[in-house]
Amino acid sequence: MKADIAPRLQLRGITKRFPGVLANDDVSFAVRPGEIHALLGENGAGKSTLVKMIYGIMQPDAGEISWNGHPVTIPNPKAARKLGIGMVFQHFSLFEAMSVLENIALGMDERLGPRELSRRIAEVMETYGLKLDPQRIVSTLSVGERQRIEIVRALLLEPQLLIMDEPTSVLTPQEVEGLFATLRQLAKRGCSILYISHKLHEIKALCDTATILRGGRLVDTCDPKAETSRSMAEKMIGGSLKDIRKGEGRSFGAPRFVLRDLSTRSEDEFGVAIDRASLTVRAGEIFGIAGVAGNGQNALLDALSGEVLGERADAITLDGTAIGRLSPSERRRKGLCAVPEERNGHAAVGDFTLADNAVLTARDRLGMVGAGLVDRRKARSYTDKVIGAFSVKALGAHSLAGSLSGGNLQKFIMGREILQRPSVLVVSQPTWGVDAGAAAAIHQAIVDLAAEGSAVVVISQDLDELLSLCDTLAVINEGRLSSPLKVGEASIEEIGLLMGGVHGTEAEVHINPGGGVAVEA
Amino acid sequence: MTTEMLIAIIITVIGASTPILIAALGELVVEKSGVLNLGVEGMMLIGAVTGFAVTFTTGNPWLGIACAAFAGMASSMIFAFLTLSLSANQVATGLALTIFGTGYSSLFGQAFTGRPITPFRSIFPPELATDPVLRLIFGHSPLVYFSLIMVVAVWWFLTRSRAGLILRAVGENDLSAHSIGYSVIGVRYAAVAFGGAMAGIAGSCFPLLLTPQWAERMTAGRGWIALALVVFAAWRPFRLLAGAYLFGLVMTLELYAKASGGAFSFLPAELWASLPYLATILVLVLISLRRAGHSNAPACLGKPFMPAS
Amino acid sequence: MQWKLEKRPEPSRTMVYAAPVLAVLLTAIVGAAIFTAIGYNGVGAVREIFVTPILNPLKWQDLGIKAAPLVLIAVGLAIGYRANVWNIGAEGQYILGGLAATAVALSTRDLAGPWILPLMAIAGVAGGMAWAVVPAALKTRLKVSEILTSLMLTYVAIQLLNYLVLGPWRDPMGFGFPQTPLFTADQVLPIVVPRTIVHLGVPIALVVALIAWFVMARSLFGFQIRVVGAAPQAARYGGFSANKTIWLALMVSGGLAGLAGMLEVAGTFQRMVPGFPTNYGFTAIIVAFLGRLNPLGIIFAGFAMSVAVVGGEVAQTTIGLPNAAVGIFQSMMLFFLLASDVLVRYRFRRVGAQPAGSAA
């Protein structure tokens with residue numbers, strides 16, 4: 001790259017303030033033509049806010065954006081697309097009930113007839129080796145295929161800069177390889193790529209430059225290939241990494257939590273059902289469930305917590321007692337506590353105080369209800385105990401759950417369940433959207449609970465998390481569980497193939513020469 | 001029964017269906033954009049009194065319809081401002097609009113009670129309507145032709161036009177539509193305005209098409225039936241047409257029961273008068289029995305739009 | 001310079017209480033302006049509607065007996081609305097409560113004893129509940145919107161009332177008037193304040209509202225209602241059944257509306273007449289919101305709304321304001337309340353008008 005060419009994108013002193021938070025503070029960096037540039041940072045570091053300003057969804061409070069050497073203002077996404085900026089969103093901007101073609105048409109500012117649009121889509125798919133059926137309804141597609149719609153939609157604009165927000169969190173390792181091939185091909189043609197991630201090994205494998213944000217401020221711009229994962233992580237976190245302390249020579253007790261051919265029906269037309277899931281978790285064991293998003297993780301959690309009931313009582317047993325037909329409250333009384341993935345509105349009520357949120361799940365095990373009345377003193381004192389033990393940053397038991405940051409709320413929720421001393425704890429995405437400090441604390445609490453003899457099930461899309469936390473691992477794919485693998489004996493490739501649904505399905509899998517893994521039913 | 005009578009009945013049925021059809025078409029578009037406006041009944045009453053007053057004063061029913069459309073639209077903007085700009089609860093605001101429309105129409109209608117107006121004359125030469133069969137084609141009020149044109153127009157708009165695609169996208173996933181760069185609030189304002197205008201016109205059907213005088217609360221819950229009809233039709237314009245005519249038939253039965261007595265006296269008149277409301281409940285039950293899981297309802301229906309910033 | 005709405009970190013407690021007051025004030029000001037503009041004595045109308053009933057002691061008894069059914073019905077509705085159960089057919093449940101109580105009264109005409117009134121009350125509650133069974137069953141089993149079913153049943157209830165008073169229940173000695181015979185002494189609510197028309201219904205409404213407040217604030221039932229309304233998924237996770245909550249909410253609101261119907265027919269009308277439906281069921285919806293869906297607030301809101309209802313009657317005779325004007329004032333109050341509600345969660349902040357990005 002020649003240094004005298006004007007950068008494709010240059011940010012100078014970008015600042016954005018939200019009520020109570022400085023989301024971006026004087027951020028400056030540049031992206032060269034054809035460069036794959038990583039934007040690295042923890043959740044809440046300000047990456048998403050920054051790219052939303054580049055794509056025109058938000059406006060900076062101060063600072064300047066230059067495009068190919070000229071200062072510009074980008075009032076809305078349409079203006080961004082006109083400049084040649086494309087974006088692939090982390091939580092896709094797709095419309096479930098519409099066809100692929102309609103979804104793509106919605107992202108185009110040019111007015112094309114359906115025939116012309118189909119032709120152009122076919123062209124782009126040909127060039128980049130992406131496979132999609134334009135007539136399919138989005139709700140019938142896998143998460144990987146949905147991402148492909150977003151990519152095709154962005155590529156149709158022939159962008160000079162493509163922004164990708166956490167693109168691999170929904171992909172199997174094989175699909176990630178395919179995506180990287182597409183991105184490298186794009187960069188070779190001169191398109192710049194701004195790649196947002198917190199996965200360090202991916203950034204080392206793909207990117208030319210990395211800009212690291214922490215707490216809204218730019219910490220460093222570096223060459224990821226010259227850094228180690230650890231050194232980048234420490235810049236990202238602003239401290240040294242803590243390792244999980246697992247006890248030496250752990251041994252497991254008797255089976256405490258057993259699933260035998262557990263099946264549930266899907267709740268809605270777009271949902272996934274659990275199909276004959278079996279597993280055994282022993283006392284002291286941490287059992288991980290890996291899988292690509294949208295393969296039935298939520299359905300599994302609902303089935304285990306009792307929110308959705310299966311047909312047979314003996315499909316789930318806890319210390320030998322059949323609990324498959326019990327309600328969530330009854331299961332909690334028997335000793336099973338659960339934490340769903342979505343914090344706001346599922347695991348906690350944002351409009352309620354923390355004390356009321358304690359009543360939500362801890363009322364029976366801790367005797368917070370007598371004669372039909374809520375014992376508010378007991379609820380408050382338990383809440384204070386959780387806040388203290390898990391160092392939750394909150395003003396007190398009367399704080400609204402919705403006023404806490406994601407990490408603090410998650411610590412509160414985990415604390416609320418763990419301090420009930422459950423015999424079985426089931427958690428989904430325990431550290432999703434949580435900063436590294438809180439994540440480490442949560443991981444340690446899970447390990448400590450297991451050390452006391454509880455059986456723990458951790459459902460997560462973050463394979464790294466599962467590999468460092470769990471003793472045993474199974475993979476969920478389209479509602480089916482694989483047979484368990486011992487962590488340490490399983491290879492990433494094997495797990496990746498399971499995540500892609502290779503075992504036991506009738507689907508035919510092949511790897512495109514230039515693209516990702518395509519699964520055809 | 002003679003052909004003459006049969007045709008007279010069919011024309012009555014079509015007339016009785018028309019206000020429900022027009023109001024329901026408007027509400028269908030509103031709901032497709034993700035907004036639930038329960039104020040249809042109120043906007044219809046506002047349209048009815050405006051249509052009547054303007055026609056009575058000027059003698060021009062066309063001007064009456066135009067002003068009814070405008071009044072309906074203006075009242076829908078109260079709803080739009082509260083629910084879209086201030087994120088107020090849509091159910092409560094819609095109810096408030098209905099209470100408002102009821103009070104407004106009673107207040108302004110008072111002066112007109114008991115005074116007749118001349119409704120529309122046929123837009124076709126009268127010779128065309130002499131033959132009974134031709135009357136079936138040419139013998140309707142212009143409002144009937146308007147409603148039929150609007151069925152096709154709404155269908156075309158929603159399924160074939162780009163603006164309709166955007167409107168559906170906003171109702172399907174408002175956050176996605178916002179992040180691609182569409183103005184969710186803008187689209188919804190436009191949809192609510194259209195729904196208001198249609199409800200206003202639907203209201204004007206009561207004095208201009210059905211009974212050429214003003215009566216308090218003359219819409220008699222038809223706005224609510226229109227709301228139910230949208231659910232029944234699974235948000236599809238042509239099924240709305242079928243549903244509206246079905247209801248027209250039920251309501252015509254009620255009229256005949258009241259008028260002719262004898263043949264219908266095996267059941268009390270009050271039961272006949274309850275039929276449209278009972279039929280509405282029945283229809284809602286049937287439709288939810290038939291559709292297992294798939295409702296075709298816009299995913300964002302009734303939810304306030306809350307972007308991150 | 002422009003103003004921008006900005007989300008408050010926590011909802012403002014002050015605005016929760018200030019919003020209804022603000023709504024009433026705005027209604028008075030804007031109402032006066034509008035009615036002046038269309039040729040009425042606007043200031044006079046506002047004075048007669050909002051002030052006269054409070055200043056005139058002769059009107060106080062009216063305020064009490066008009067507020068009672070409003071408070072009773074609104075308390076029930078508010079419990080439902082808290083749980084996201086939108087019963088808007090309270091008018092129908094009120095009518096059915098009145099009809100059921102009348103049925104008991106008509107069949108006990110030849111009997112005497114203090115047990116008749118309680119029996120009528122039980123029948124009233126049961127009647128209101130029965131009318132709410134249909135929306136509850138259809139909502140929980142078939143997911144049919146309770147908004148539409150409860151409202152449709154109101155129209156059916158009116159027809160049922162007409163059928164009964166015109167037909168089987170018509171007083172044979174009533175000179176052909178469509179009404180039932182007068183209730184006997186044991187079928188009429190006792191007067192609690194001597195030399196007034198204030199009957200037992202007024203203290204009953206107060207007590208019910210206080211009990212409802214305690215239950216909503218302190219009991220697990222109240223907690224269940226609140227959590228189902230605020231976050232249905234969290235409620236399920238917490239072990240509360242949505243269907244049970246819908247049933248409970250509709251039975252409570254239907255039952256209370258039915259009780260209000262019984263009190264009204266046994267206290268105010270003392271016979272069943274075609275004019276029995278007086279829109280209490282719809283006005284109570286506004287009362288519920290104006291009272292912030294909180295039973296204590298509803299006591300005040302019910303009183304304020306009955307001021308407007310009584311004042312409307314006053315204005316009708318003194319300055320010839322049409323009765324329909326009250327409906328306009330009531331809906332304006334709700335509009336302004338919903339609008340000022342935005343200030344509970346948001347605040348206005350001044351922002352500079354300079355275009356973003358131009359500041360170096």
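1. Asp26(A) is partly exposed in this predicted model, because 14 C-beta neighbours lie inside 10 Å of the residue, whereas a buried residue would need 20 or more. Asp26(A) belongs to strand β2 of chain A, which covers residues 21-31. The backbone deserves a remark here: the phi angle of Asp26(A) is near 55 degrees, a positive value in a residue other than glycine.

2. Glu478(A) also has a positive phi, about 50 degrees, although the residue is not a glycine. Glu478(A) is placed in the loop that joins β21 (472-477) to β22 (480-481) of chain A. With 17 C-beta neighbours inside 10 Å, Glu478(A) counts as partly exposed.

3. Chain A is divided into domain 1 (9-237) and domain 2 (255-511). Taken over C-alpha atoms, the centres of these two domains of chain A are separated by 32 Å. Their contact takes 13 residues from domain 1 and 15 residues from domain 2. On the side of domain 1 that touches domain 2, the residues comprise five nonpolar, six polar and two charged.

4. The largest nonpolar core has 382 residues. Those that touch the most other members are Ala24(B) and Leu229(B) in chain B, with Val71(C), Ile73(C), Ala74(C) and Ala288(C) in chain C. Chain A takes part as well, since this core draws at least three residues from each of domain 1 (9-237) and domain 2 (255-511) of that chain. Leaving aside residues up to four places away in sequence, Ala288(C) touches Ala74(C), Leu77(C), Ala78(C), Tyr81(C), Leu293(C) and Ile298(C).

5. Helix α9 of chain B runs over residues 184-210 and has 27 residues. From the first C-alpha of α9(B) to the last, the helix reaches 38 Å, close to the 39 Å expected at 1.5 Å a residue.

6. The contact between chains C and B takes 33 residues from chain C and 36 residues from chain B. On the chain C side, the elements giving two or more residues are α5 (116-142), α6 (146-166), α11 (280-290) and α13 (324-340). Of these, α6(C) gives the most, with eleven residues. By class, the side of chain C that touches chain B has 25 nonpolar residues, six polar and two charged.

7. The contact between chains C and A takes 23 residues from chain C and 32 residues from chain A. Elements β1, α8 and α9 of chain C each supply at least two residues of the side that touches chain A. The largest share of that side, five residues, comes from α8(C). The side of chain C that touches chain A divides into 13 nonpolar, five polar and five charged residues.

8. Helix α8 of chain C (residues 220-230) is largely enclosed by the rest of the structure, because eight of its eleven residues are buried. The buried residues are Gly222(C), Phe223(C), Gln224(C), Ile225(C), Arg226(C), Val227(C), Val228(C) and Gly229(C). In chain A, the buried residues of α8(C) pack against α11 (354-362) and β18 (373-374). Within chain C, they pack against α3 (60-82), α7 (201-218), α9 (232-237) and α10 (242-269).

9. Ser219(C) lies in the loop between α7 and α8 of chain C. With 16 C-beta neighbours inside 10 Å, Ser219(C) counts as partly exposed. Residues up to four places away in sequence not being counted, Ser219(C) touches Gly372(A), Leu373(A) and Val374(A).

10. Pro9(C) is placed in the loop between β1 (2-7) and α1 (13-37) of chain C. Pro9(C) is exposed, because 10 other C-beta atoms lie within 10 Å, and a residue with 12 or fewer is classed as exposed. Ala28(C) is 19 residues apart from Pro9(C) along the chain, and 32 Å separate the C-alpha atoms of the two residues.

Key: Residues are numbered from 1 along each chain as its sequence is written. Chains are lettered from A and ligands numbered from 1 in the order in which they are written. This is a predicted model: local features need pLDDT of at least 70, side-chain atom pairs count only at pLDDT 80 or more; totals for chains, interfaces and linings use all residues. A nonpolar core is a set of buried Ala, Val, Leu, Ile, Met, Phe, Trp, Tyr and Cys residues joined through C-beta atoms within 7 Å. Domain bounds come from an automatic or database domain assignment. Two residues are in contact if their C-beta atoms, placed from the backbone, lie within 7 Å. Helices (H or I, at least four residues) and strands (E, at least two) are DSSP runs, numbered from the N terminus. The expected span of a helix is 1.5 Å times one less than its number of residues. Ala, Val, Leu, Ile, Met, Phe, Trp, Tyr, Cys and Pro count as nonpolar, Asp, Glu, Lys and Arg as charged, and the others, Gly among them, as polar.
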